[in-house]
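Here are some notes on the cavity, a pocket and the annotated sites. Please read them beside the model.

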Amino acid sequence: MVSRVIPVEEFDLVIFGGTGDLARRKILPGLFRRFLSGQMPAGSRIIGAARSDIDSDGYRQMIRDAISEFGGAEKSETGRLNDFIAQLHYLRVDAKGEAGWKELHELIRFKVVNAFYFSVAPSLFGDLAERLHTFKIADNDSRVVVEKPFGRDLVSAQELNDTLAEHFDETQIYRIDHYLGKETVQNLMAVRFGNMLFEPLWNNHYVDHIQITVAETVGVGGRGAYYDKSGAMRDMVQNHLMQLLCLIAMEAPSQFDADAVRDEKLKVIRALQPIDPHHIVRGQYDVNGDEPSYREDAENPKSFTESFIALRCEIANWRWAGVPFYLRTGKKLKARTSEIAVVFKDIGHSIFPGDEKRHRNILAIQLQPNEGMQLQVTIKEPGPGGMRLIDVPLDMTFAEALGPDADDTDAYERLIMDVIRGNQTLFMRGDEVEAAWAWTDPIIEGWKARNDVPKLYDQGSGGPEDAMALMHREERRWREIKE
Ligand code: NAP
């Protein structure tokens, strides 16, 4: 089929699951912010699609309420909100039935970019993909956006990939990992590959180890039953943490384009070594006064699912051989933070008498709540009294460094605009996702085979004691979990 020439300025975006939590909390408020910054061209339309019995007016009211609640629309923006809302439409569509598909075919325009966001349970992806084709709603230029979780193991991820591949080419499929849409994650690539300073040091000659932490203060709360089938390894490590690991560890792509970047990320995943079980610590948060334990939240008194995980892994290639990567993530921890820390080696010889402290340069990259970077350097403590050395951060918190115009654009809106632009760089390719599962599956199977029981940890702590020991026995320590 000959490719249509697409005027990229204008689009029809269909959100299946347009009435759902994700659409109301993230997707629509994000699109409104893009509208406010003039990036949603006149004539573009957003079409919510779900089974709920409402009409377009009802949907507009639903989204108006959602934006007021989650999108932070200022009073002064009420007029603009009305203009945005006018671009919304709603269709009753059943992913598993016939309802709504003919109407969708009539509504959709083929002269503009069209994209279909599958913001529904993954079990519906196949039904949606099939009907988009049967009813001739999507063509070779359409894009589909799929949400996480992308499978729960290698086999289910392959099945999902195969289902999508029956109807869409890989170049049309956008697998979202919203971590990749964060400003700092892209800045990580700019820092690594746009500066001469860091890249010569970015290897096993100079780096002692790397830490990646994604800590949450919330528990599994209302989604305990769902989470209990997943756990921290599947819910966080297999996708978000591994994506961050890839960006930190990958070789420079020959150019900043989707396949060049994703080829390099894939090589990192494939070079990950199997993990020794002693290098993994799993945890579950304990009861804390009136605050329920993980098992109570999960409504499963015998649950062996982890709400916390810390692990040490290695990448077997020339650049990283011998450098440990420590990953940890958990719920009900001390603070909400996501941070990558590149910890450089000690200096080979100190010329300063009496200075026995271990001074280390650390490049710390914060993803949330405050996006920014700090480079810890050692300097002389100012003032008289001899050569006393102290470690100070060279701070670049984006909000401070860039002033009021700092980009606080939420990851979702950036990624959705990339879909419209046809840029897949920040989306996971099918083979990447499968490689990540191929690495995680044996680890999870090992726990099952050994009946591995997660260690209890205190709510508001940094995780189980054993997670500290994982570092201490190698004479290293985790960075403090703090906002
Ligand atoms: P949700 O609140 O349960 O919403 C599901 C949506 O699917 C609703 O709009 C529902 O509308 C629609 N739906 C269900 N069955 C349908 C059918 N047969 N035909 C058409 N529409 C149907 O779920 P969610 O939290 O928004 O999550 C959506 C997806 O995003 C899931 O894959 C989830 O894993 C993923 N995700 C969500 C979040 C989040 O923060 N919520 C974060 C990351 C990933 P009707 O009932 O009206 O049909």
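How many nonpolar, polar and charged residues does the lining of the second largest pocket have? Point 2 takes this up.

1. Basis. This is a predicted model, where local features need pLDDT of at least 70, side-chain atom pairs count only at pLDDT 80 or more, and totals for chains, interfaces and linings use all residues. Residues are numbered from 1 along each chain as its sequence is written, and side-chain values use heavy atoms, with hydrogens and water left out.

2. Second pocket, by class. The lining has eight nonpolar, 13 polar and 14 charged residues. Here Ala, Val, Leu, Ile, Met, Phe, Trp, Tyr, Cys and Pro are nonpolar, Asp, Glu, Lys and Arg are charged, and the others, Gly among them, are polar.

3. Second pocket, by place. Its space is about 1,000 Å³, a volume being what is filled by probe spheres set on grid points joined across faces, edges and corners. A pocket is an open set of points on a 1 Å grid over the protein atoms alone, with protein on both sides within 12 Å along at least five of seven lines; lining residues have an atom within 4 Å of a point. Of the 35 lining residues, Ile362, Gln376, Trp478, Arg479 and Glu480 lie nearest the centre of the second largest pocket. Strand 12 gives the most to this lining, with four residues. Strand 7 (207–215) and helix 15 (465–472) are among the elements that supply at least two residues each. Helices (H or I, at least four residues) and strands (E, at least two) are DSSP runs, numbered from the N terminus.

4. Largest cavity. A cavity is a set of grid points where a 1.4 Å probe fits but cannot get out. The count is one cavity of 30 Å³ or more. About 80 Å³ of space lies in the largest cavity. Its lining includes Lys148, Gln238, Met428 and Trp437. Helix 9 (231–249) and helix 14 (430–450) are the elements that give two or more residues to that lining. Helix 14 has the largest share, four residues. By class, the lining of the largest cavity has six nonpolar, four polar and two charged residues.

5. His240 is found in helix 9. Is His240 buried or exposed? It is buried because its relative accessible area is 2% (buried is under 20%, exposed over 50%, partly exposed in between; 1.4 Å probe, protein chains only). Not counting residues up to four places away in sequence, His240 touches Lys148, Asp177, His178, Tyr179 and Asp235 (contact: heavy atoms within 4.5 Å). The side chains of His240 and Lys148 make a polar contact at 3.3 Å. That term means a pair of N or O atoms within 3.5 Å; within protein, one must be able to donate a hydrogen and the other to accept it, and residues adjacent in sequence count only if both atoms are side-chain atoms.

6. Binding-site record. The unreviewed UniProt entry places the feature "binding site" at positions including Leu22, Arg51 and Lys148. From this set, Lys148 is in the lining of the largest cavity. Leu22 sits in helix 1 (residues 21–36). Arg51 lies in the loop between strand 2 (45–50) and helix 2 (56–71). Arg51 is exposed, since its relative accessible area is 62%.

Note on methods:
UniProt positions renumbered as here; feature names shortened; annotations may be inferred.
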